[in-house]
Amino acid sequence: VQLQASGGGLVQAGGSLRLSCAASESGFSSNVMGWYRQAPGKQRELVAVISSDGITRYADSVQGRFTISRDNAKNTVYLQMNSLKPEDTAVYYCNAQKPHKIYWGQGTLVTVSS
């Protein structure tokens, strides 16, 4: 499984970005898909996950500001990020969670200026 993340960039605090992650496989719809992030000097942390049937879960720090969604017809998962804060600055990674393996994309950098 190859995952291609895109949509990162530089945005001012309070702004919005939408990240996309396209998967190159036909079994996408059965995967749990997730977004994680890693800020400089910190460990990678969960941002949001979405199950194959659309159930979502969010980190407390992004609840109410970020929305994860998926389009199974396009093999793509999205992360809509609103009301961005400087502490959201990180490299954002998507992953595909299968029963016996987790696949990671290459990451996309999000920088939020104050």
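**Exercise 1. Decide whether Asn75 is buried or exposed in this predicted model.**

*Solution.* Start with the location: Asn75 sits in the loop between β7 and β8. Next, take its relative accessibility, which is 17%. The cut-off for buried is under 20%, so Asn75 counts as buried.

Now look at the backbone. The phi of Asn75 is positive, about 50 degrees, although this residue is not a glycine. Most residues other than glycine have a negative phi.

**Exercise 2. Work out whether Lys74 is buried or exposed, and find how far its C-alpha is from that of Phe28.**

*Solution.* Lys74 belongs to the loop between β7 (66-71) and β8 (76-81). Its relative accessible area is 55%. Exposed means over 50%, so Lys74 is exposed.

For the second part, compare sequence with space. Lys74 and Phe28 are 46 residues apart in sequence, and their C-alpha atoms are 9.2 Å apart in space.

**Exercise 3. Describe the backbone and the exposure of Ser83.**

*Solution.* First find the residue: Ser83 lies in the loop between β8 and β9 (90-97). Its phi is near 50 degrees, a positive value in a residue other than glycine. With a relative accessible area of 40%, Ser83 falls between the cut-offs of 20% and 50%, so it is partly exposed.

**Exercise 4. Find what surrounds Thr108.**

*Solution.* Begin with its element: Thr108 is part of strand β11 (residues 108-113). Its relative accessibility of 11% makes it buried.

Then list its neighbours, leaving out residues up to four places away in sequence. Thr108 touches Ala5, Ser6, Gly7, Gly8, Leu19, Ala90, Val91 and Tyr92.

**Exercise 5. Sketch the protein chain as a whole, then explain why its radius of gyration agrees with that of a compact globule.**

*Solution.* Count the elements: there are 11 strands and 0 helices. The C-alpha trace spans about 40 × 25 × 20 Å along its principal axes.

Next, do the comparison. A compact globule of 114 residues would have a radius of gyration near 13 Å, and the protein chain has 13 Å, so the two agree.

Buried residues make up 43% of the chain. Among contacts with a separation of 6 or more, 52% join residues 24 or more positions apart.

Finish with the surface and the charges. The mean positions of the 11 positive and 7 negative charges are 4 Å apart.

Conventions. Residues are numbered from 1 along each chain as its sequence is written. This is a predicted model: local features need pLDDT of at least 70, side-chain atom pairs count only at pLDDT 80 or more; totals for chains, interfaces and linings use all residues. Side-chain values use heavy atoms; hydrogens and water are left out. Helices (H or I, at least four residues) and strands (E, at least two) are DSSP runs, numbered from the N terminus. The radius of gyration is taken over C-alpha atoms; the globule rule is 2.2 Å times the number of residues to the power 0.38. Buried means under 20% relative accessible area, exposed over 50%, partly exposed in between (1.4 Å probe, protein chains only). Contact means heavy atoms within 4.5 Å. Lys and Arg count as positive and Asp and Glu as negative; His and the chain ends are not counted. The place of a charge is taken as NZ of Lys, CZ of Arg, CG of Asp or CD of Glu.
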